[in-house]
Amino acid sequence: MLQHKTKYRFEQLANGSAVVHKLYIYDEVRAQGEFDWNTWDYKESETSAKYFRDQLDAIPGGETIELHVNSVGGEVGEGVAIYNLLRQKAEAGSKLVGYVDGMAYSVAMNIIMACDEIHMGLGTSMFLHNPWTRTQGNADQLRSVADQLDALTDASVQLYMNRSKNLSEEELRQMMKKETMLAPDTCLEYGFCDFVGEKKPDDPEPGEPKPGNQEPDDPDDPEPDDPEDKVQQLKKLLFQEQQINQMLRGINKPSMKDTFSRALQQLTTKND
């Protein structure tokens, strides 16, 4: 069975001015890989915090990192550690650009929140919920686990609120409690992403004004891109063209030619 794991590579841009390092999370986030029955040991996980630490340490500070995510989530501790490793890299001068290629669910959503700029492709989604676990033990042990889950929930709320907008903490907690799937446009509204679909070359960076004249428009002037205004302009041009054609057809009539000839003769006589 083919396993989609994290892959790492760097790309030199055509102009030679920058290096882009790409990391992929295309599997569950976990500390250990699958158990190898041949060696009786666990394989290395390429979605573990240790693996990310090793890959990030190999990237020089100040260079751009692209993080591509398509994951249903996984172990909270590993995901939070990856989030903080990425933020430490950003503080060292690297720009982090995140791409949701499919799913960014549970702790995978936590991880991509570390990016300075987040893109969501069409048809992608994010999913947030309160942390949960399987456990066993006596009453005291189960109560202790519940307290730990509450602490993890508070930590996740703090992480999301650090990036969110148009969203109160109480609203966020209710969304996590209800287990909420978020479409790209909703993520954009709440600040969980910055771009939906493909970013065009002339798109402004997040927070920057759109290019062009920023002076307020005259309310009496029609919008230049107003479809209704374009229709009216087209009708006017067609009407003018019709008038010109009628005039040309009239000039070619013998009676009109005689009229113009006499008028020119009179004008010439007066000027003499």
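# Exercises on a predicted protein model

The axes of helix α1 (residues 49-57) and helix α2 (residues 76-91) come within 9 Å and cross at roughly 15 degrees. This is a predicted model, where local features need pLDDT of at least 70 and side-chain atom pairs count only at pLDDT 80 or more, while totals for chains, interfaces and linings use all residues. Residues are numbered from 1 along each chain as its sequence is written, and side-chain values use heavy atoms, with hydrogens and water left out.

**Exercise 1. Work out how α1 lies against α2, and which residues meet.**

Step 1: Helices (H or I, at least four residues) and strands (E, at least two) are DSSP runs, numbered from the N terminus. Axes are lines fitted to C-alpha atoms, for helices over the stretch in contact, and angles run from 0 to 180 degrees between N-to-C directions.

Step 2: sort the angle. Angles under 35 degrees count as roughly parallel, over 145 as roughly antiparallel, 65 to 115 as roughly perpendicular and the rest as oblique. The axes of α1 and α2 cross at roughly 15 degrees, so α1 is roughly parallel to α2.

Step 3: find the hand. A crossing is left-handed if the near helix is turned anticlockwise from the far one by less than a right angle, and right-handed if clockwise. For α1 and α2, the crossing is right-handed.

Step 4: list the contact (heavy atoms within 4.5 Å). From α1 come Ala49, Lys50, Phe52, Arg53 and Leu56, and they meet Glu78, Ala81, Ile82, Leu85, Leu86 and Lys89 of α2.

Step 5: sort by class. Ala, Val, Leu, Ile, Met, Phe, Trp, Tyr, Cys and Pro count as nonpolar, Asp, Glu, Lys and Arg as charged, and the others, Gly among them, as polar. In the contact of α1 with α2 you get 7 nonpolar, no polar and 4 charged residues.

**Exercise 2. Where do Trp40 and Asn166 sit, and are they buried or exposed?**

Step 1: know what to expect. Most residues other than glycine have a negative phi.

Step 2: check Trp40. It isn't a glycine, yet its phi is positive, about 55 degrees. You'll find Trp40 in the loop between β3 (35-36) and β4 (41-42).

Step 3: check Asn166. Its phi is also positive, near 55 degrees, in a residue other than glycine. Asn166 belongs to the loop between α4 and α5.

Step 4: compare with the cut-offs. Buried means under 20% relative accessible area, exposed over 50%, partly exposed in between (1.4 Å probe, protein chains only). With 62%, Trp40 is exposed; with 57%, Asn166 is exposed.

Step 5: look at a neighbour of Trp40. Phe35 lies in strand β3 and is partly exposed, at 27% relative accessible area. Leaving out residues up to four places away in sequence, Phe35 touches Trp40, Asp41 and Tyr42.

**Exercise 3. How far apart in space are Gln55 and His21, and Lys95 and Ile65?**

Step 1: Gln55 and His21 are 34 residues apart in sequence, and their C-alpha atoms are 9.8 Å apart.

Step 2: Look in the loop between α2 and β6 (96-105); Lys95 counts as partly exposed at 37% relative accessibility. Lys95 and Ile65 are 30 residues apart in sequence, and 6.1 Å apart C-alpha to C-alpha.
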